Amino acid sequence: MSTTNLEKIKNWNDAGSQLRTWRDDNVRMSKETLDLWSTYIAPSINRLGDEKWLVYEQVFLAALDCQNLTIAEDCLAALKAQFSSSKRVKKLFAMKYEAIEDYQKALDIYDSILEEDETNAHVLKRKLACLKAQNRINEYVKELNEYLKLFQADHEAWLELCDVYLSEMDFAKAAFCLEELILMYPHNHVYQQRYADIKYTQGQYDLAKTYYLYSLKLNPKNVRSLYGLLLTTANLKSSQKSKEGADNSKLNLWAREELDKKYKEVDSDRNLMNSVNDMFQYLAIGKAEK
Amino acid sequence: MMMKNDQLLALSESAIRYNHFLLDYCQTSISALSGCTAGIIGLTGLYGFLFYFICSILMSFVLVAFLGKNKSDYFLSTQSLFTSTIWSGLQTYLLFWTFLYGMCIDSII
Amino acid sequence: MAELLLDSKIRFWVFLPLMAITFLVGIIKHYLFIFMSNDKTVDKQQLTDSQALLRSRLIRENGKYLPKESFLMRKNYFTNEDSGFFVKQKRQSTVKNPMSDPKAMTEMLKGNFLNMIPMVVIGGWINWAYAGFLCTKVPFPLTFRFKPMLQKDVNLVSLDASWVSSASWYIINLFGLRSMYNLVLGENNAADQTKAMQDQMSGAALSMPDDISKAFKAENESLTITEHKWLLKGIEQSFLN
């Protein structure tokens, strides 16, 4: 959301609808949320009607993000007074403990919620987040795998697991996770491109080339894919002969031209152009033109 | 938001469903409105049906003109714009037509 | 035939109320449904099963975007003859006897309450209160075949088929207002009772099939016969030309 839009907000009503959009779109503008809260909404919270409980929760989470514990306490107290036995409020309590790094207390609360409702995905995910926050990576991976056995079709969890494996340099397993993501969202060019990145790193240039091409087909503006294509084809060119080799050099040239075009489009200065050309040369890919 | 390529066809299922929902929405509104109109002006028999088909075809043309060149981005075939909802709309039309005809035309009551 | 004349009171005391009742009952049903549906807790087993079915369906549909080995690996995980997920998991059929499980019984009661009771009660009440009136005339001529449809419980042989009786007017409203609910309440509303009835007939009312072992068997079969055809093969050709 651009700042010009925020400047238009003049009263609690605008602020409320702005928060609603953020809530619906899962946008995490924590700092801005807190600003809106303290300037416009807090003085006239009761005018929001039943929506105010959702706003309390949203502001509470934003306050935790910004480590503003006084606002967080206020929101939590209001929610607690209204919904004394709600699991959702209990979860928020535990999240407050997480924020002050009292993980044991947080985990106790989560476990008590799970006793009643063993398949509450939000709470299971919070437990995982506790492990990650304490940097217990091995346990984290193990628990995440357990979680995925339950929720085989949860794409966020697969994405998270993929990131963890990548940070551990376990490329084969990360590739598996990305394959799951591709199954769920076959038209997302970023997933295709990331899969190609991993395959490139593993040295499977043929596969990498295919998936870079596919991601370019889905989004011709993906510059990272263009670079990826450039590198894979450069690697393949030397190792293959005959027709395929010729095709690869054609693709290589094409990627090169596309990249050149992109840099010209943004009208980059000469220095950048030169450094890009230097880089191409360094990679022994092609000759600089300018 | 759909993407159409020469060979690979990448379609977002939820987008298709949403587009169809909107099309349905237009059709229902048009059916209800034209049904009310037909009832109030007291069309009977074939003229009433003719009126419905003219209205809904007119709506399809307006949609086509409104989408202009981007039409193929939103709907796979132009034909579906015209035909896919015309029968489901007829039910609504008949209801409103009969209702307002019964309410307004005193000669039968 | 001499033209029939209807008392104009019928218009205001039968014709109009019937339409209003049908419409308002639909709206009330929608809000009752929202009010009564609480978040159910699912047990672990059910969750795993439905998620596995979902994933297997995705593999069938989008497997063409994966390299062959990756596809076969997943297919094997689910359908291997000795150790496949669908083969190994022995689920007893989960069609519970509702009498032994009070929770299932309340759910069932709620479902029935929201779908069946309004249909029966309102329909019965309308039959009792408004039976036997002629309400209106459709503005187009019809053949005699339509008589039983439009003139329920008015048995007059010589009456023109365009006349509509009150009971039939209620039924016409019931179906004709369906798309109006979409307009007023948005998609997937609960007021659309005719759709709910269709769902019940095909057994798709719940996202969770009643008999999980049957669903597993069906999914196993359809995944087994799914062949891998790599969609991305030869993709460079479209770039080379």
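A: Asp154(A) is buried in this predicted model, because its relative accessibility of 12% is under the 20% cut-off. Its salt-bridge partner is Lys125(A), with N and O 3.1 Å apart. The two residues belong to distant parts of the chain, 29 residues from each other: Lys125(A) sits in helix α8 (residues 121-133) of chain A, and Asp154(A) in the loop between α9 (137-150) and α10 (155-167). Lys125(A) has a relative accessibility of 28% and counts as partly exposed, whereas Asp154(A) counts as buried. Elsewhere, salt bridges with shared partners tie Glu179(A), Glu180(A), Arg55(C) and Arg74(C) into one network.

That network includes residues of chain A and chain C. Within it, the side chains of Arg74(C) and Glu180(A) meet with an N to O distance of 2.7 Å. Between chain C and chain A the count is 3 salt bridges. The contact between the chains involves 31 residues of chain C and 33 residues of chain A. An interface is often sized by the accessible area lost when its parts come together. For chain C and chain A the buried area is about 2,900 Å², and carbon and sulfur atoms give 66% of it.

Two further pairs lie within chain A. Glu57(A) and Arg88(A) form a salt bridge whose closest N and O atoms are 2.8 Å apart. This pair also links distant parts of the chain, with Glu57(A) in helix α4 (residues 51-65) and Arg88(A) in helix α6 (residues 87-99), 31 residues apart. Glu57(A) is buried at a relative accessible area of 14%, while Arg88(A) is partly exposed at 49%.

The other pair is local. Lys31(A) and Asp35(A) both lie in helix α3 (residues 30-41) of chain A, 4 residues apart, or about one turn of the helix. Their closest N and O atoms are 3.3 Å apart in a salt bridge. Lys31(A) counts as exposed because its relative accessible area of 51% is over the 50% cut-off. Asp35(A), at 38%, is partly exposed. Over all chains, the search of the whole structure finds 26 salt bridges.

Among contacts in chain A with a separation of 6 or more, 48% join residues 24 or more positions apart.

Chain C has 11 helices and 2 strands, in the order α-α-α-α-α-β-α-β-α-α-α-α-α. Buried residues make up 41% of its 241 residues. In chain C, residues 24 or more positions apart account for 69% of the contacts with a separation of 6 or more. Its accessible surface is about 14,200 Å², with 61% from carbon and sulfur atoms.

An unreviewed UniProt entry places the feature "transmembrane region" at residues 12-34 and 113-134 of chain C. Over residues 12-34 the chain is 100% helix, and the end C-alpha atoms are 32 Å apart. A nonpolar surface patch is formed by Leu24(C), Ile28(C), Leu32(C) and Phe35(C), which together have about 430 Å² of accessible area. Leu32(C), in helix α1 (residues 8-36) of chain C, is partly exposed at 30% relative accessibility.

Conventions: Residues are numbered from 1 along each chain as its sequence is written. Chains are lettered from A and ligands numbered from 1 in the order in which they are written. This is a predicted model: local features need pLDDT of at least 70, side-chain atom pairs count only at pLDDT 80 or more; totals for chains, interfaces and linings use all residues. Side-chain values use heavy atoms; hydrogens and water are left out. Contact means heavy atoms within 4.5 Å. UniProt positions are given in the numbering used here, feature names are shortened, and annotations may be inferred rather than shown by experiment. Patches are made of residues with over 30% relative accessible area and no salt bridge: like charges are joined within 9 Å, nonpolar side chains (Val, Leu, Ile, Met, Phe, Trp, Tyr) within 5 Å. Accessible areas come from the Shrake-Rupley method with a 1.4 Å probe; for residues, only the protein chains shown count as cover. A salt bridge is a side-chain nitrogen of Lys or Arg within 4 Å of a carboxyl oxygen of Asp or Glu. Buried means under 20% relative accessible area, exposed over 50%, partly exposed in between (1.4 Å probe, protein chains only). Buried area is the accessible area (1.4 Å probe) that two parts lose on being put together, summed over both.
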